[in-house]
Amino acid sequence: MKQLLFPNSTQFWYETLRSMSHIAYGGADFGEVVSTASRITEGDYDSWYTEWFATAGRVSSEAEKALAAGHRVSARDGFLRASNYYRSAEFFLHGKDCDPRHDHAYDRSVECFKAAAALYTTPRIEPVLIPYENTTLPGYLYRVDDSGTPRPTLIMHNGFDGTAEELHFFGAMAAVERGYTVLAFDGPGMPGPRHHQGLVFRPDWENVITPVIDFAETIPEVDNSRIALIGLSMGGVLAPGQPRSSTDWPRW
């Protein structure tokens, strides 16, 4: 595909396309993406952060005003976009863990997503903490409705740079619209556990997935006989890891 923006930077164009790809499920607005990109100096990572952070701040401020005025749908939509824009702002800071901008932008992304999630009536989106060894893993439970009906369930995780929040646009919302219960989470090495718990990736991913499935099976809306797992990006390498034994999860 022709690079319509950033003709000399594949990195910047790819990450711009990434934001555009989230338009379908409310993670971006085309005009906001193009306007932001037009202000960025090609190849300048500080410029990338500054302009995406500015857009995220403006959109989240508008969402807060909408919420204060009682416009819950407008507020929800604004918070969703702001969450994705903050994520985009911190993308190229991943190799700079000591940079305070990294944690701040990530935390703002999570705050905005949770604000949006709280404004949904259908589906229900609930932040969850999944027990894992001596700590917890952050995630989100998507319920089709309040009936408590067990449904086929999709467990999702991302890879190195993707967040549990971004999974909303990558398939979580699409799945719940089609009748699935969805459990999206960040595992060790992924943004939430890496930022706040110092947890790093591990090759024996079965020791991550097993407690996640254990948690899922306690949820009434999960049909324990119909659970699927999807890993995106680097998560596609991790997800095929085997369970503890051949008899633990015969549905795999």
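Student: What covers the buried residues of H6?
Tutor: In this predicted model, the cover over the buried residues of H6 includes H4, H5, E1, strand E2 (135-143), strand E3 (151-157) and strand E4 (181-185). Helices (H or I, at least four residues) and strands (E, at least two) are DSSP runs, numbered from the N terminus. Buried means under 20% relative accessible area, exposed means over 50%, and partly exposed is in between, with a 1.4 Å probe and protein chains only.

Student: How many residues of helix H6 are buried, and which ones?
Tutor: Nine of the 11 residues of helix H6 (residues 167-177) are buried, so this helix is largely enclosed by the rest of the structure. Among them are Leu-167, His-168, Phe-169 and Gly-171.

Student: Before we go on, how are residues numbered, and what counts in a predicted model?
Tutor: Residues are numbered from 1 along each chain as its sequence is written, and side-chain values use heavy atoms, with hydrogens and water left out. Because this is a predicted model, local features need pLDDT of at least 70 and side-chain atom pairs count only at pLDDT 80 or more, while totals for chains, interfaces and linings use all residues.

Student: Switching to Asn-84, is that residue buried or exposed?
Tutor: Asn-84, whose place is in helix H4, is buried, with a relative accessible area of 1%.

Student: What does Asn-84 touch?
Tutor: Leaving aside neighbours within four places in sequence, Asn-84 is in contact (heavy atoms within 4.5 Å) with Ser-19, His-22, Gly-27, Ala-28 and Phe-169. The side chain of Asn-84 also makes a polar contact with the side chain of Arg-87, at 2.9 Å. A polar contact is a pair of N or O atoms within 3.5 Å; within protein, one must be able to donate a hydrogen and the other to accept it, and residues adjacent in sequence count only if both atoms are side-chain atoms.

Student: Now the rings: how many aromatic pairs are there?
Tutor: The count comes to 14 aromatic pairs, where rings of Phe, Tyr and Trp (its six-membered ring) pair if their centres lie within 6.5 Å, and planes under 30 degrees apart count as stacked, over 60 as edge-to-face and the rest as tilted.

Student: Why is the pair of Phe-12 and Trp-48 called tilted?
Tutor: Their ring centres are 4.8 Å apart and their planes are at 50°, so the pair is tilted. Phe-12 lies in helix H1 (residues 10-21) and Trp-48 in helix H3 (residues 45-68), so the pair ties together parts that are 36 residues apart in sequence. Phe-12 is buried, with a relative accessible area of 0%, and Trp-48 is buried, with a relative accessible area of 0%.

Student: Which rings do the ring pairs link into a cluster?
Tutor: The cluster contains Phe-6, Phe-12, Tyr-45, Trp-48, Trp-52, Tyr-85, Phe-91 and Phe-92.

Student: What lies over the face of Tyr-120?
Tutor: Arg-76 does, at 4.8 Å from the ring centre; a charge sits over a ring if NZ of Lys or CZ of Arg is within 6 Å of the ring centre and within 35 degrees of the ring normal. Arg-101 lies over the face of Tyr-49, at 4.8 Å from the ring centre.

Student: Last one: is Leu-129 buried or exposed?
Tutor: Leu-129, found in strand E1 (residues 124-132), is exposed, with a relative accessible area of 57%.
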